[in-house]
Amino acid sequence: MSKRAKSLLLKYGISLGVVLVLAVPMILDGWSGAKTLQDQYRILSDSFTVPGLLFLFSGLTMLVTNEGALYGIGFIMSYTIKRLIPGKQGELENYAQYVERKKRNRVTGFSFLFVVAAVCLVISGVFIVLFYQAYQV
C-alpha cells in the first residue's frame, strides 16, 4: 500500500471514529425515549448533524487560518508571551517576519474534513426527508 493511501485511510478512519464517538451516544441517549418513527428519524438526523457541522467548521477554521485571517491575533499573542518570559527578548521578530514564517508553515491536507462533513450532512438530510415523510402520514 502506498504512503498516500495509508495517509488517506488513516485520516478517514480516525474521522469515522470521531463521528461514531459523537453520534452513537446521542443515538443511544435519545432512542429509549423515542416513541414514534418521527422521533427516531429526528434523533438520527440530529446525531449526524452535530459531527457534520463540527467537521465543517473545523475545516473552515483551518482554511481561514491558512489564508492569514488570524495572523494579527497570533502575532500579538506571540509577542506578548515572548516579552513576558525572561531571556526571550533577543528572539523577538517583527510582523513581516512572523507572517513569512507562518506562510512557510501552512497546514495542508485537510480537505478530508469537508468530505466527512458533507457525508454526515447528507446522511442527516436523508433522515430529515424521512422524518417529514413519516410526519405527513
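Me: Which residues does Leu 113 touch, not counting residues up to four places away in sequence?

Reply: The structure is a predicted model, so contacts in it are computed from predicted coordinates. With residues up to four places away in sequence left out, Leu 113 touches Phe 55, Ser 58, Gly 59 and Met 62.

Me: Which residues have the most contacts inside the largest nonpolar core?

Reply: As a general idea, nonpolar side chains in soluble globular proteins tend to be buried together. In this model the largest nonpolar core has 15 residues, and those with the most contacts inside it are Val 19, Tyr 41, Phe 55, Leu 113, Val 116 and Phe 127. The elements that give two or more residues to this core are α1 (3-31), α2 and α5 (112-136), and the largest share, eight residues, comes from α5.

Me: Turning to open space, which residues line the largest pocket?

Reply: The lining of the largest pocket is made up of Met 62, Thr 65, Asn 66, Leu 70, Tyr 71, Gly 74, Tyr 98, Lys 102, Asn 105, Arg 106 and Val 107. Two or more of the lining residues come from each of α2 (37-66), α3 (71-84) and α4 (95-104), with the largest share, three residues, supplied by α2. The space in this pocket is about 180 Å³, and by class its lining has five nonpolar, four polar and two charged residues. Met 62, which is one of the lining residues, is also among the residues that Leu 113 touches.

Me: How many cavities of 30 Å³ or more are there, and which residues line the largest cavity?

Reply: A cavity is read differently from a pocket, because a probe fits inside a cavity but cannot get out, whereas a pocket is open. Here the count comes to one cavity of 30 Å³ or more, and the volume of the largest cavity is about 40 Å³. Its lining consists of Phe 75, Ser 78, Tyr 79, Lys 82, Leu 92, Glu 93 and Tyr 98, of which α3 gives the most, with four residues. Divided by class, the lining of this cavity has four nonpolar, one polar and two charged residues. Tyr 98 lines the largest cavity and is also listed in the lining of the largest pocket.

Me: Why does Arg 101 count as partly exposed?

Reply: Arg 101 counts as partly exposed because its relative accessibility is 26%, and that class lies between buried, under 20%, and exposed, over 50%.

Definitions and conventions: Residues numbered from 1 in each chain as written. Predicted model: local features only at pLDDT ≥ 70, side-chain atom pairs only at ≥ 80, totals over all residues. Heavy atoms only, no water. 1 Å grid on protein atoms, 1.4 Å probe; cavity = no way out; pocket = protein on both sides within 12 Å on 5 of 7 lines; lining within 4 Å. Points joined across faces, edges and corners; volume = space filled by probe spheres on them. Nonpolar A, V, L, I, M, F, W, Y, C, P; charged D, E, K, R; others polar. Core = buried A, V, L, I, M, F, W, Y, C linked by side-chain atoms within 4.5 Å. Buried < 20%, exposed > 50% of the residue type's maximum accessible area, 1.4 Å probe, protein only. Contact = heavy atoms within 4.5 Å.
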